[in-house]
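The following note concerns the model shown below.

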Amino acid sequence: MENLTFTLKAPKAATGTQKQALTGVVASGNLEVLVERVREPNVCEVNIATAAHGFAPVWQAVVEEFVARRAAGGLRISINDGGARPDTVALRLAQGVRLIEENAQ
Amino acid sequence: MGSWTTQNDARQRRLAAGGQFAQGKAVAVDKLTSFLEAVIHPGDRVCLEGDNQKQAQVLAQGLVGVDPQKVHDLHMVQSGIVLPEHLDLYERGIARKLDYSYSGPQSRRITTMLADGKIELGAVHTYLELFARYFIDLTPNIALIAAVCADKHGNLYTGPNTEDTPTIVEATAFKGGLVIAQVEKIVDSVPRVDIPGDRVHFVVETGKPFYVEPLFTRDPALITETQILCAMLAIKGIYAPYQVQRINHGIGFSTAAIELLLPTYGEALGLKGKICTHWALNPHPTLIPAIEAGWVQQIHSFGSEVGMENYMAARPDVYFTGADGSLRSNRAFCQTAGLYACDIFIGSTLQIDLQGNSSTVTATRTAGFGGAPNMGSDPHGRRHPSTPWLKAGEEANPDMAPALRRGRKLVVQIGETFGDKNTSLFVENLDAILLADKLKLELAPVMIYADDVTHIVTEEGIANLLLCRSSAEREQAIRGVAGYTELGRGRDAALVDQLRQRRVIQRPEDLGIDLLDADRRWLAARSVKDLMVASGGLYNPPSKFRNW
């Protein structure tokens, strides 16, 4: 396992009122993403536990673009990665934000 | 003055020589090799039937068995290098020269043999291009073809897999050549006449069916969420705005995803009857749910597909069928239809460069072309207008006078930014160039040239290359949908942003596509079994796809 942490300034705060959201599955080529609304609204923290070593620059690119493009401020995102490709990671991150944007029931 | 009948005279000599091994037109399979030694002459041009689907495998085995002292220096002109025997002919010194189109399963071995100089290569063609040359400068002396059954007059029934046979026979039989067919059985009367008997000189009864590969079956269980997202982008961002009704799909999971989203996602978008009504398409099992939901008016097919026979026979309003009720396919006609009568080609590839050239070859594999470059090209001989063709032409040339403005065919490449083993779809230089260098080819085997491709779709969005006004814009439009590949990460963010404002690049959110919808629940069938159920039990999947 390789563990990576990125804490970034987030230009847009996450909308909605959900406290947390979970998407994806831990499986080969896939990943599980837990999203929690626990950080200050201008910060996004991403913690990654990945089975594939040596991909830190790609993770950084995916995470930086994600925080720049999506409303991710205030979120702590924990990723349990089973060696997913970057396109799958980007999709799951975006889906995590979409889920937490929904209003709490 | 010399003779004007040398070719017909030669055929008479071949008929006499072959007749010694035949009763009427029938040649026993145990005499096949001696028979072929008698009728084939050194240096003959030989078409051994076989494409990406059907194979005259018994005749191929017979030909490999001939004595290279007697039969040698053959020039093979054939659609597919698919069976090991096709290349064994060169190892054994029976064949010397090759003109072909497709080499899927033998792509690695043929590359090695070409590099070692064991094959003298004419050219790698598209199917239609090779067929065309059968009538101009590559007319076969001998055609070795495959059919289901024959009668004693040589009338042939090919069944649903007619494919290349009529074209090969036309070129050979009417130009002094000899036509030899393998059939499973000789019967009293054939179910329908696909090839008239006076064009068939000998028939070999083999007792087994010709080989057919189920090449166009994609298991819905293997479709990923990013492929679903790509498919949604294509439907909402291309099919809907261009109102694409006449269509060809290449093989692949992204196009299979589109087929499975039509009756669900397409229906929700209100597109039924407005898009995807008329097809040039092999009988893809993944189109069954859309057909059953009433989306499809008609389909013409290049070949058949294993397991689809009963379903197609029960849907003659949709498929082309003969007097016996079964499908009639025809590769040459369907390729022509795909070229001239379809407004869009959409398919997958392995590599795309920064101008939009694409290729499926790698440095060790020469896969050949098949039909994709034909369907995936803008036909300059087209003269009839249609809504998508005119709209694409206007986007490419907004300032030209409409009455003189050529339309454009939509040629779309679709795929995830990363393929198998995390390889990037986007590359600085195509491996095709390396391969051409290694094999000393005059042309790199480019599947679709940059000036033909109009759109590239990835999970990152759609790049509309028709709207690019310079090669720099084109490069940034491609980088802009290249995601986290090295070339994608090398994009100029400000320029990509400008292109997005001009809708040269459209992201899922620009098209109102919710990423939560990139979910397998939208697939109208999620397994091969679902497809069988959707067909009312008429689709009979081959055993390798039966995992329940």
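Helices (H or I, at least four residues) and strands (E, at least two) are taken here as DSSP runs, numbered from the N terminus. This is a predicted model, in which local features need pLDDT of at least 70, side-chain atom pairs count only at pLDDT 80 or more, and totals for chains, interfaces and linings use all residues. Residues are numbered from 1 along each chain as its sequence is written, while chains are lettered from A and ligands numbered from 1 in the order in which they are written.

1. Nonpolar core. The term denotes a set of buried Ala, Val, Leu, Ile, Met, Phe, Trp, Tyr and Cys residues joined through C-beta atoms within 7 Å. A residue is buried if 20 or more other C-beta atoms lie within 10 Å of its own, exposed if 12 or fewer, and partly exposed in between, with C-beta atoms placed from the backbone. The largest such core has 194 residues, of which Leu144(B), Ala147(B), Ala181(B) and Ala234(B) touch the most other members. Helix 8 (residues 225–242) of chain B gives the most to this core, namely 11 residues. Because domain 1 (10–212) and domain 2 (220–533) of chain B both give residues to the core, it lies between them; the domain bounds come from an automatic or database domain assignment.

2. Helix 8 of chain B. Of its 18 residues, 16 are buried. From first C-alpha to last, helix 8 reaches 25 Å, close to the 26 Å expected at 1.5 Å a residue (1.5 Å times one less than the number of residues). A kink of about 30° is centred on Ile235(B), the bend being the angle between axes fitted to the seven residues ending at a residue and the seven starting there. Gln243(B), with a positive phi near 55°, follows the helix.

3. Strand 11 (residues 178–183) of chain B. Both faces are covered: Leu178(B), Ile180(B) and Gln182(B) on one side, and Val179(B), Ala181(B) and Val183(B) on the other, are all buried. Strand 11 pairs in the parallel sense with strand 8 (residues 142–146) of chain B over five bridges, and with strand 13 (residues 202–205) of chain B over four; pairing requires at least two DSSP bridges. Ala181(B) stands opposite Val203(B) in strand 13.

4. Positive phi in a loop. Which residue lies in the loop between strand 21 (410–414) and helix 15 (431–439) of chain B? That loop contains Lys421(B), a residue other than glycine with a positive phi near 55°. Lys421(B) is exposed, with 6 other C-beta atoms within 10 Å.
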